[in-house]
Amino acid sequence: MEPFYIAFGTFILILVGVALISRYVSRRRREAFQAWARDSGWTYVPRDDRWLRYFNAPMFRRGIRRGTRHVVTGSLRGRKLVAFEYYYVERQGSGRNKRNVTYRFAVAALFTPKVRPMLEVSREMIGHRIMGVFGMKDLQLESEEFNRAFRIEAENDRFAYDILHPRTMEWMLGDERFKSLPFRLEGPMLLTWTRGRLIPENVPAMATFLVEVIERVPDYVWQD
């Protein structure tokens, strides 16, 4: 029985070690966000799931145990913003192979002047083209180059045309950020996201991206 106890003891030590390392990494991440927020004039809280009520994008409806971590709020060029790490858990596999898989996203959002119809613009992927064959709507604009590069989902076509006017389309086609950053207008928010954890140093770039998108929206769009 002695080999069993040795193996069992080793297993317990490994679990304790993993737990201690996880706690250490979590503490260091909190400290990094606290320091960044303090130096940037933003505020930080380790978790605030109330932000989830603002968003209806598909990823915010997936899985179980959804939540937000490392929430920072502040402003840039007169715009109020929030950034956080969003996660959800999915149960995958079957039988004894079932396991929990956690998905994480770095999310940034900006408050818009008025609530407007949903509009999402992302890079055109092969999967999107396949969905188009089965009738999934992808709004087409006057620029074929733009249509090949981007997928547009809109509740109101006229609103999409107002946002994606020729100067904005030209800007998006020439800006490398749009190869990795989508944007979505919904309710009172404009948001963007990427897969993976939120890193403090990436918050300014995501915030600047959102501000530059909103600054190109014509003023009349926000008028009643």
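How many of the 224 residues of the protein chain count as buried, as a percentage? I found 42%, with buried meaning under 20% relative accessible area, exposed over 50% and partly exposed in between (1.4 Å probe, protein chains only).

I note that this is a predicted model, in which local features need pLDDT of at least 70 and side-chain atom pairs count only at pLDDT 80 or more, while totals for chains, interfaces and linings use all residues. Residues are numbered from 1 along each chain as its sequence is written, and side-chain values use heavy atoms, with hydrogens and water left out.

**Fold.** I looked up the secondary structure and found six helices and six strands, taken as DSSP runs numbered from the N terminus (helices H or I, at least four residues; strands E, at least two). Along the sequence, the elements follow the order α-β-β-β-β-α-α-β-α-α-β-α.

**Cores.** Next I searched for nonpolar cores, meaning sets of buried Ala, Val, Leu, Ile, Met, Phe, Trp, Tyr and Cys residues joined through side-chain atoms within 4.5 Å. The largest has 44 residues, and Leu 119, Leu 164, Met 172 and Phe 183 have the most contacts inside it. Helix α6 (residues 203-215) supplies the largest share of this core, eight residues. Apart from it lies another core of 19 residues, including Ala 57, Val 71, Ala 109 and Met 189.

Which residues does Leu 164 contact, leaving aside its neighbours within four places in sequence? I list Val 121, Leu 141, Phe 146, Ile 152, Met 169, Met 172 and Phe 183, where contact means heavy atoms within 4.5 Å.

**Aromatic rings.** My search of the whole structure gave 18 aromatic pairs; rings of Phe, Tyr and Trp (its six-membered ring) pair if their centres lie within 6.5 Å, and planes under 30 degrees apart count as stacked, over 60 as edge-to-face and the rest as tilted. Why is the pair of Tyr 54 and Phe 55 tilted? Their planes stand at 55°, with the ring centres 6.4 Å apart, so the pair falls into that class. Tyr 54 is partly exposed, at 25% relative accessible area, whereas Phe 55 is buried, at 4%.

Phe 150 and Phe 178 form an edge-to-face pair, 6.2 Å centre to centre with 85° between the planes. This pair links distant parts of the chain, strand β5 (residues 150-154) and the loop between α5 (166-174) and β6 (183-195), 28 residues apart, and both Phe 150 and Phe 178 are buried.

**Charges over rings.** I last checked for NZ of Lys or CZ of Arg within 6 Å of a ring centre and within 35 degrees of the ring normal. Arg 69 sits over the face of Tyr 87, 4.5 Å from the ring centre, and Arg 216 over that of Trp 171, at 3.7 Å.
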